[in-house]
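Here are a few exercises to work through with the model open beside you. Try each task on your own before you read its solution.

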Amino acid sequence: MTPEIGQFALALALALVLVQSVLPIIGAWRHDPRMMAVAAPAALAVFALIALAFAMLVHAYVVSDFSVLNVIENSHSQKPLLYKITGVWGNHEGSMLLWVLILTFFSALVALFGNNLPPALKANVLSVQGWIATAFLLFITATSNPFTRIAPAPMEGRDLNPILQDIGLAVHPPLLYLGYVGFSVCFSFAVAALIEGRIDAAWARWVRPWTLVAWMFLTGGIAMGSYWAYYELGWGGWWFWDPVENASFMPWLAGTALLHSALVMEKRSALKIWTVLLALITFSLSLLGTFLVRSGVLTSVHTFATDPGRGLFILAILTLFIGGSLALFAFRAQSLASGGLFQPISREGALVFNNLFLTTATATVLIGTLYPLLLEALTGDKISVGAPFFNMTFGPLMIPLLAAVPFGPLLAWKRGDLLGVAQRLMTAFALALLATGFVLYRTSGREVLAAFGIGLAVWVMLGSLTDLALKSGIGKVPAGTAFGRLIGLPRSVFGTALAHFGLGVTLLGIVGVTTFGTEQVVAMKPGDTLPVASYRLRYDGITPATGPNYTEEQGRFTLLDSAAKPVDSIIAARRFYPARRMPTTEAGIVTHGVDQFYISLGDGLDHDGIVVRVWWKPFVTLIWLGALAMMAGGFVSLLDRRLRVGAPAKRKIARTEAAA
Amino acid sequence: MSRKQKRLAVIGGALGVLGLAVALMLIAFSQDIRYFRTPADLTAEDMASGARFRLGGLVEKGTVVRGAGTRIEFAVTDTIKSVKVIYDGILPDLFREEQGVVTEGKFNPDGTFVADSVLAKHDERYMPKDVADSLKAKGVWQGN
């Protein structure tokens, strides 16, 4: 019964979302307040219906209803409850439903918290959100129905791909989608502005909090995905420049650019047309990512099923929205009054510099990702573009950008003083040089690039803190006054400093682990030891063990310090999942400070020997800690008083605070 | 600076960055494009060029030989021709005889392929797309 309720809710949502797509925009055009007023309740009802459908699918998974095809293919009655629930989106149909759930969630948020928007803008935005939801609901009902039933129902399901049976699946896709799909709001705002042919600084103030929210979640989603791939796949890598990773990274790069250009627009009402274009591009890249991942044109862990019909359908959606929005942009951009100009050396100039490099970098990633697909489609030649391509193109483009990061927040609006800013950054620069020198000295001049990279990371980190120090007057005024001023600084200043600091931390992690990490592949017998960094690793032997839906062989290792005293024990395993007859590797990882030991088991050899791959990964956790700092920076910025105008939900909180 | 000069400065800067990016991409493309081949596709030029390739096909039955330590030899076949592959490292979980693999590496002058990475399909129903397409094109595909 419950799958039918879900099915029915989906159909009802599709009908209702058509109303949401059509009526409000006509109302906005005719200045009819009653028609515009349909938008908010329709958006809320659509969200409620999709949530109901989603809940029904979760229910089918939890009770292992094997009359539903989707549950048979991706679940198993013996599977732990957590993986039954996360399995809902560990497949094509369910993940598309999650996509739409989050899309309608954002529409509902706009409907709820957009009371301060001009009614026509709000109606248009919700209509455009409705168009996107219509397209994807059609896609689900036509090609990817999660509620398809079969009779007779089998006794047991085929289980979820063991690689996906992990806590990572509970966190990574929802976070990533919240980011990906969150940019739809920016897209809708941009399309609404183009339809109205009117745009001002207030528009940027409304769009910025949505951009920040989406960016924050996308940052978290990508970082989480990276860590998940790192520990689950057992390959020891944290980023593979895999097309699917690029698919999520491109909207992040464009979204980062959008975040910065919207700032210029809000403060100086310049870069209007460019900001609108970026908003369109960012969500277009999200759609492109959805297409790449869901259509089966790529070879990846993320592509669950290959069905040409689905690919064509998403391609049609992609063409319609990207082509349509860009055409609208081409027709209407002229009508948007262009903003004021500014001196190249200024805060605006720095943000343009940021945008220039970020969008160019996005373009290189886009070309590297799409070129093999295009070439195969045109000539039939199968090629692959690997990490060296991206390192060689993306890397050099990031260097000037990173070097410029500390300057941006210190430059004044309109007309900046580059020399003055450089003087104020002298301390950070000197310390960065010191770090470079130290690395050169410790490696006897062998690791020039790494020394440079670490210097750059220190420069970004300290340069970001310099802004806080200068603005609060640390060192110039008594400590108490400085502290008071520091507390009183706008939240967005903290947010900027924190996010930029996090960027430096991530860079430090990347350079550290790439340069100083070691990898050894050796055959070991019980009792053998292997030197790793300043430790020795002892192999103790293999023990069989059984989990809820798998059996495993655990390789036990002991980590000995230089005095041969055991400091840690590590277990790495090879699992076998009988439901899918599929083996997986469970890496053994221990963290010491910011460094990690990473052990992955290979095949067994004769005489109880085993092939082991052992990595020493210094600084590796900094990569993800930096991303967390970036997320925190986004969150702190969101609390800024200035943005509360754009997010009345916060205003209510502020009011209760004032009353208390 | 006048309005025109400012605009020119921005456009000039943008063109500069784009030019840099295009130059970097051209260099990278000329160095880091790896063609996918199955054994029957290979030409004498491919084998002699010393370039990196992705070689894909099925692991031929009865050819997997373990050497000392972590060294492994096996043959990759598309059922028309087969190529001997030498690999030093850990094989993926789903590496089995008569299953699809994609290996990446270079040819030795003696015609053996020295792989530095081996990828296998990652679940029961899945075959690397490049391999599946090639086998279908050659009419030796046996899956669905």
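Before we start, one term: two strands count as paired if DSSP finds at least two bridges between them. Keep in mind, too, that this is a predicted model.

**Exercise 1. Follow the pairing around strand E5 of chain B.**

Task: Find which strands pair with E5(B), and in which sense.

Solution. Begin with strand E4 of chain B, residues 71-77: 7 bridges join E4(B) to E5(B), and the two run antiparallel. In this pair, Glu73(B) stands opposite Ile86(B). Next, look at the hairpin that E4(B) and E5(B) form, with 4 residues between the strands. Within that hairpin, Thr79(B) has a positive phi near 70°.

Now turn to strand E7 of chain B, residues 113-120. E5(B) pairs with E7(B) in the parallel sense, over 3 bridges. Here the bridge partner of Ile86(B) is Val114(B).

Finally, sort the residues of E5(B), which spans 82-88, by face. Val83(B), Val85(B) and Tyr87(B) make up the covered face. The uncovered face holds Ser82(B), Lys84(B), Ile86(B) and Asp88(B).

**Exercise 2. Describe how chain B meets chain A.**

Task: Which element gives the largest share of the side of chain B that touches chain A?

Solution. Start with the totals: 34 residues of chain B are in contact with 39 residues of chain A. The elements of chain B that give two or more residues to this side are helix H1 (3-31), strand E1 (33-37) and helix H3 (129-137). The largest share, 14 residues, comes from H1(B). By class, this side of chain B has 18 nonpolar, 6 polar and 10 charged residues.

Then check the strands. E1(B) is joined by 3 bridges to strand E1 of chain A, residues 383-385, and the two run antiparallel. For a residue pair to look up, take Ile383(A), whose bridge partner in E1(B) is Tyr35(B).

**Exercise 3. Take apart chain A.**

Task: How is chain A divided into domains, and which helices of domain 1 touch domain 2?

Solution. The division gives domain 1 (1-165), domain 2 (168-365), domain 3 (406-516) and domain 4 (518-617). The centres of domain 1 and domain 2 of chain A, taken over C-alpha atoms, are 22 Å apart. Between these two domains, 29 residues of domain 1 are in contact with 29 residues of domain 2. Helices H5 (81-86), H6 (92-113) and H7 (119-143) of chain A each give two or more residues to the domain 1 side. H7(A) provides the largest share, 11 residues. That side has 20 nonpolar, 9 polar and no charged residues.

**Exercise 4. Order a sheet in chain A.**

Task: What is the strand order of the open sheet of 5 strands in chain A?

Solution. The order is E3-E4-E5-E6-E7, with antiparallel pairing. Strand E3 (529-532) and strand E7 (582-586) of chain A are the edges, each pairing on one side only. From one strand to the next, the twist averages 25°. Inside the sheet, E5(A) (551-560) and E6(A) (566-577) pair over 10 bridges, and Arg556(A) stands opposite Ile571(A).

Definitions and conventions
Residues are numbered from 1 along each chain as its sequence is written. Chains are lettered from A and ligands numbered from 1 in the order in which they are written. This is a predicted model: local features need pLDDT of at least 70, side-chain atom pairs count only at pLDDT 80 or more; totals for chains, interfaces and linings use all residues. Two residues are in contact if their C-beta atoms, placed from the backbone, lie within 7 Å. Ala, Val, Leu, Ile, Met, Phe, Trp, Tyr, Cys and Pro count as nonpolar, Asp, Glu, Lys and Arg as charged, and the others, Gly among them, as polar. Axes are lines fitted to C-alpha atoms, for helices over the stretch in contact, and angles run from 0 to 180 degrees between N-to-C directions. A residue is buried if 20 or more other C-beta atoms lie within 10 Å of its own, exposed if 12 or fewer, and partly exposed in between; C-beta atoms are placed from the backbone. Domain bounds come from an automatic or database domain assignment.
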